[in-house]
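Subject: Structure for you to look at

Dear colleague,

I am passing on a structure for you to open alongside this message. Please have the sequence and the 3D view ready, and then read the notes that follow.

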Amino acid sequence: MSRIKAYVACSLTHSPQELKDSIDLFKSKLRKHIEVLDFIGLNNPNAQNDQFVFEWDIKHVRDADILIADFTHITIGAGIEWGVAMQIGKPIITLAKKDVVISRFPFGHVANNHFFYRYTTHDDAFEFVMNKLSIIFSKFRR
């Protein structure tokens, strides 16, 4: 049985280091249960140019079984990735911290394969994601 592949989208350019570190820990916890496809990142030496980064990230969105997007901080890139996943009918879990104001747009995507959660900590978000993975993918066992 192949592992579920997830792409985790979030703000990089304008997010504080604390969020980046929290996302890294979140992804590490996920990796114990599923395959996580990584975005190219800001300082990756393999990021040859802007077009390479775009193509890398979009390919990973398409190759993933599910998109997990954290919209706690303003993000154009993750918003585009979210839109690509939505357009191709990919399951999406949209996350944001409870105390932040985000666009109303993701709330409007009402589909049986889109789940939205406001978390307090990424540990809360992790538990929510694990629960939804078991609902979305019958083959998923924690």
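In helix α2, Asp57, Ile58, Val61 and Arg62 meet Glu81, Val84 and Ala85 of helix α3, where contact means heavy atoms within 4.5 Å, and helices (H or I, at least four residues) are DSSP runs numbered from the N terminus, as are strands (E, at least two). By class, this contact has four nonpolar, no polar and three charged residues; Ala, Val, Leu, Ile, Met, Phe, Trp, Tyr, Cys and Pro count as nonpolar, Asp, Glu, Lys and Arg as charged, and the others, Gly among them, as polar.

Please keep in mind that this is a predicted model, in which local features need pLDDT of at least 70 and side-chain atom pairs count only at pLDDT 80 or more, while totals for chains, interfaces and linings use all residues. Residues are numbered from 1 along each chain as its sequence is written, and side-chain values use heavy atoms, with hydrogens and water left out.

Asn113 lies in the loop between β4 (92-97) and β5 (114-119). Asn113 counts as buried because its relative accessibility is 18%, and buried means under 20% relative accessible area (1.4 Å probe, protein chains only). If neighbours within four places in sequence are set aside, Asn113 is in contact with Gly89, Lys90, Pro91 and Ile92. Asn113 and Lys29 are 84 residues apart in sequence, and their C-alpha atoms are 22 Å apart in space.

Definitions and conventions: Buried means under 20% relative accessible area, exposed over 50%, partly exposed in between (1.4 Å probe, protein chains only).
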